[in-house]
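Look at the chain below before reading on.

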Amino acid sequence: MTPHKVLIFGRGQLGSFYRAHFASLGAAVEAPEGDIRDEAFVSGAVSAADPDLIVNVAAKTNIDWCEMNRAEAFAINTLGADVVAKVAEERGVYLVHVSSGCVQESLTAEVVHTEEDAPHPLCFYSWTKVWAENLLTERAARGTLKTLILRPRQLLSSMVSPRNALVKMLTYAKFIDTPNSCTVVEDLMDATSKLVAKDATGVYNVVNPGVTSPLRIARMLKERLKPEMQFAEISKEELNRMTLAKRIDCVLSTAKLEKEGIVLAPIEERLVDIIAELKHTLESGEADATLRKTEEETREKLALVG
Ligand SMILES: NC(=O)c1ccc[n+]([C@@H]2O[C@H](COP(=O)([O-])OP(=O)(O)OC[C@H]3O[C@@H](n4cnc5c(N)ncnc54)[C@H](OP(=O)(O)O)[C@@H]3O)[C@@H](O)[C@H]2O)c1
């Protein structure tokens, strides 16, 4: 289907991208402020917008925060997602729910997970995403919910924002060299509307083909954007001692997406493009405040484990 009226829950990184994306396709887009745990708010927003597509990108996404605030993380990421699904089902509106690829673990680049593999989360945040998927899948199987569940992984973009992993990396000094799938947000936008156009339902991994690693990305950032960047390689064990929630490495199959005719460009090819765009934007003075805020957040994250 071609959505004409899109209602977005979540006003963070992906919320802003989806707003701009669907607006650029000519849809009327609403992204009201409110709490997805509150059914009256969700239901009222759906009545007001009368959408033909709902996109849920509201969640608590700081994995250390989720580790420390489990009940709230569960209430928002899992139960809140189900509130949105319940209202979407009752109103017969197609729902795109953004889950995460970090529900799978790959110890080597050869361990490539399909959508059918059993999830293996390592932190509470990832569990909240698995449970939300389960609730939505159950509603779709037993009821009338029409839902597309997307699993992007490690979002990278050209946007100057503390939420952009590339911007965060500019403030780090230590990197691991473990293979991972990543998703270029600009490509996720395109893949989403192509899947929606096909009325796709069920779970889809949405990552760029191939693998990269945080260390490889850091080297690209140094070479192409920040020559003065100084960093060292550390082991996964060392990284896990520095952060509260355990980081997962995961490599995701793109076969199901490609079967729909949606083929994204390889990750390291796209990184060259988005690093160039990011460099261009960072050269404007407006970026300084964002970088300072990102540095501050990095210091706070490291302080959590002393
Ligand atoms: N970031 C990634 O690398 C990544 C990777 C894979 C999947 N995802 C998934 O993609 C989705 C969007 O991620 P993102 O990067 O856009 O995250 P984000 O920038 O943190 O945006 C999430 C937004 O949801 C809001 N929110 C939190 N609790 C809410 C509630 N109860 N009701 C309504 N809104 C609420 C947050 O507000 P506050 O900031 O005030 O809490 C924030 O504005 C999430 O479901 C996430 O799990 C993210």
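Gln 154 is found in the loop between strand E6 (147–151) and strand E7 (155–156); helices (H or I, at least four residues) and strands (E, at least two) are DSSP runs, numbered from the N terminus. The model is a predicted one, in which local features need pLDDT of at least 70, side-chain atom pairs count only at pLDDT 80 or more, and totals for chains, interfaces and linings use all residues. Residue numbers start from 1 along each chain as its sequence is written.

Although Gln 154 is not a glycine, its phi is positive, at about 50 degrees. Most residues other than glycine have a negative phi. With 20 other C-beta atoms within 10 Å, Gln 154 is buried. A residue is buried if 20 or more other C-beta atoms lie within 10 Å of its own, exposed if 12 or fewer, and partly exposed in between, with C-beta atoms placed from the backbone.

Asp 50 is not a glycine either, and has a positive phi of about 45 degrees. Asp 50 sits in the loop between helix H2 (39–49) and strand E3 (53–56). Is Asp 50 buried or exposed? Asp 50 has 12 other C-beta atoms within 10 Å and is exposed.

Next comes helix H11, residues 267–282. At 1.5 Å a residue, its 16 residues should span 22 Å, and the end C-alpha atoms are 21 Å apart, which agrees; the expected span is 1.5 Å times one less than the number of residues. Ile 267, Arg 270, Leu 271, Ile 275 and Leu 278 are the buried residues to look for in H11. They cover an arc of only 135 degrees around the axis, so they lie on the same side of H11; the arc is that of the directions from the helix axis to the C-beta atoms. An α-helix has 3.6 residues a turn, so residues three or four places apart point the same way. Val 272, Ala 276 and His 280 are exposed on the other side of H11. The buried residues of H11 pack against E7, helix H6 (165–169), strand E9 (183–184), helix H7 (185–197) and helix H8 (214–224), where contact means C-beta atoms, placed from the backbone, within 7 Å.

Ala 140 belongs to helix H5 (residues 124–142) and counts as partly exposed, with 19 C-beta neighbours inside 10 Å. Leaving out residues up to four places away in sequence, Ala 140 touches Leu 145, Thr 147 and Thr 201. Between Ala 140 and Gly 202 there are 62 residues in sequence and 8.7 Å in space, C-alpha to C-alpha.

Now the whole chain. It has 12 helices and 12 strands. Its radius of gyration is 19 Å, close to the 19 Å that the globule rule gives for 306 residues, so the chain is as compact as a globular protein of that length; the radius is taken over C-alpha atoms, and the rule is 2.2 Å times the number of residues to the power 0.38. Of the 306 residues, 40% count as buried.

Which residues come nearest to the ligand? Of the 24 residues around the ligand, they are Gly 12, Gln 13, Leu 14, Ala 58 and Ala 59; a residue is near if its C-beta atom, placed from the backbone, lies within 6 Å. Helix H1 (13–24) and helix H4 (70–91) are the elements that give two or more residues to this shell.

Notes:
Contact = placed C-beta atoms within 7 Å.
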